[in-house]
Amino acid sequence: MEPLRPSDHHDSKRESITQPKLNAVGWLRFGWRQLTSMRTALVLLLLLAVAAIPGSLVPQRSADPNGVIRFKRNNPDLFPILDGLQLFDTYSSAWFSAIYLLLFISLIGCVIPRTLHHWRALRAAPPATPARLNRLVGFTERQAEGQVDDVLDDGERVLRRQGYRVVRYGDSISAERGYIRETGNLVFHFSLVLVLIAVGFLGGFRYYGQRVIVEGQTFTNQLTSYDSFSPGRFFDESRLDPFSIRLDEFVPVYDLDTTTGFPIALDYTAAVTIVEQGGEREEEIKVNQPVGIGSTTTYLLGNGFAPWITVRDAAGTAVFSQPVPFLPQDSNLTSLGIIKVPDGLDQQVGLIGFFYPSAAQLESGALTSLFPEPDQPVVTLNAFVGDLGINDGVPRNVYALNTDSLTQLTGGDSGTESIILGMGDSAQLPSGLGSVEFTSLPRFVSVEIHHDPTQAVVLVAALLALAGLLTSLFVPRRRLWVAAAARDGVVDLQYAGLSRGDDPGLEAAVSQLAQQHEQAISGRTSR
C-alpha cells in the first residue's frame, strides 16, 4: 500500500506561495526600523569614534591653521589628497556630520519608543501570582497562625518596606521591583543624546583665540586683539566678555637633567593682573592651572623672549621701537624672530633675527644657546631691503618674511656678516639706512582664551550616564510572590521569586522575605 502524500492540488498551491513585495512605504518603514535599532546605534557610535581619529593625526584648520600650512609645505603631494577628503576639517566634514546626524536620529528613534513602553510598564500592576510557585526560584514553604488576611497584610508591609510594588490577588501577593534598572538604561541613552545636542548646538556658541602678551603689555578681550581666532557658527562678537589681562611677570624654573645634560622645565608661572567689571585682581596662570575670567578660561600655552629692537634712521630718530616675540626653535630657546620696518627709512627693511639666551660659539663659528635662561643674550640679524608687501592689501604672517623679491644686505650670500648684538649694543645698517639696537629683553607668553558653553552640559550628561549605567548594571529586576491557604487552623505559606535576567541574589531574597514575614507575624501575635 502506497503511503499517503499531499494531493497535486496542494503541491501546486505550495509552489505558488511567494513572499509579499514591499512598496515604497514598506521600504521606508523597514529602513526606519533598521536605523532606530540599538545595534545600528552602537555601530554608528563606533563609526563616530573611528571617524574622529584623523582629527588627531593631522592638523585641523579650526585649531591649528599654521600647522596645516606647515603640513602643506612639507607634504605638497599628499596635501591635495587629504584636503579633498576633508581630513583637515574632520569635525565639520560632510562624512563626519552625516555619521553624527544618523547617530542622533538613531538614538532618538530608539529611546523614545522604549521610554513610552517603560512608562506604561511603570503604571501597570505586577502580574498575577503563578499557579505553581514550586517551579520558581527559591521556593519556600512556611506555616503561620492566624487569619489569611492578617498574614497577607503582614506580608504586604514587609514587601513595601523592601521597596516593592505590591498587589493583592485573592489569597496571594504579587510584588515587583527593579524597574529603575530600565530607567537607568534610558537615562544612559538620553545622556548620550544630551551630549550630541550640546556638542552639535551649544558648540556653535563657543570660541577660542590665541594671543601673545609681552611683559608689561595688556590684552583686551575684543576681536581685533587676537592673533588668531576660531569662532563657532553662532558666534556673536557682542557676546565677548569685557575684561583685560596684563602680564606683570613670567617666571620659569629649569633644572639640568644629569643623565642627558639637557635642561628640563620644572614650572612656568605667569603673574597677571585681570581687570573685569570695574575690579582688579592678581592671578597666576600655570600650564595645568588655567584662570577663569567671566565665562571664559585662560590657558598658558607657551613662552619665550621678546627682544626689544629699536631701529633709527640716519638722523638718529627712532622709526621702530618695540618688543618682538621670537619663536623658540629648541629646548634651549634658540628663537627666530621677524622685524618689518615699512616706514621711516629710505627703503623698506626686513630683518630675520635669531636670539640665543645663553650664547656660545661652536667650532664651526656658528652660535648656539647652552641654556634657556638669559645668561649671555645675543641677537643676530640678517637685513633685507625691498617691497615687504605690507601695503598691497594681502594679509601677511608677522612671523614670516618672504625674501624672494628682497635684496639681502647682511648674512648669507650678501658678502657682509650678520649683525651681532648683545643686550644694549647697537650697529649700523648697510647703505647708510640707519642703525639697529638690542634695547632690552622682556619675556612673552602665549595664552588661549577659551569659551565653551558645552562643558557644564557635557559634565552633567557624563555624570547622568555613569549613574544610569551603574544602575542598569547592578540593580536587579525581580518579582516575588506570597501565596496563603488556610488549613486546620493554620495558614500554609508559599514563597517564590522570578527575575528578568541574571540575578544571583534572588534565592537569598526569597529566603529573607520568608524570614522577615515570619518575624512580622510573630511580632503581631505577641502583642
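A contact here means heavy atoms within 4.5 Å. With that in hand, welcome to a predicted model, where local features need pLDDT of at least 70, side-chain atom pairs count only at pLDDT 80 or more, and totals for chains, interfaces and linings use all residues. Residues are numbered from 1 along each chain as its sequence is written, and side-chain values use heavy atoms, with hydrogens and water left out. Among contacts in the protein with a separation of 6 or more, 62% join residues 24 or more positions apart.

**Overall form**
- The radius of gyration, taken over C-alpha atoms, is 38 Å, whereas a compact globule of 527 residues would have one near 24 Å (the globule rule is 2.2 Å times the number of residues to the power 0.38).
- Along its principal axes, the C-alpha trace spans about 125 × 80 × 50 Å.

**Secondary structure**
- You will find eleven helices and 26 strands, which are DSSP runs numbered from the N terminus (helices: H or I, at least four residues; strands: E, at least two).

**Cores**
- A nonpolar core is a set of buried Ala, Val, Leu, Ile, Met, Phe, Trp, Tyr and Cys residues joined through side-chain atoms within 4.5 Å; buried means under 20% relative accessible area with a 1.4 Å probe, protein chains only.
- The largest such core has 47 residues, and Val311 and Val436 are among those touching the most other members.
- Strand β7 (residues 243–256) supplies the largest share of this core, five residues.
- Apart from it lies another core of 21 residues, including Val148 and Leu513.
- Leaving out residues up to four places away in sequence, Val436 touches Ile309, Leu351 and Asp425, among others.

Technical notes. Buried means under 20% relative accessible area, exposed over 50%, partly exposed in between (1.4 Å probe, protein chains only).
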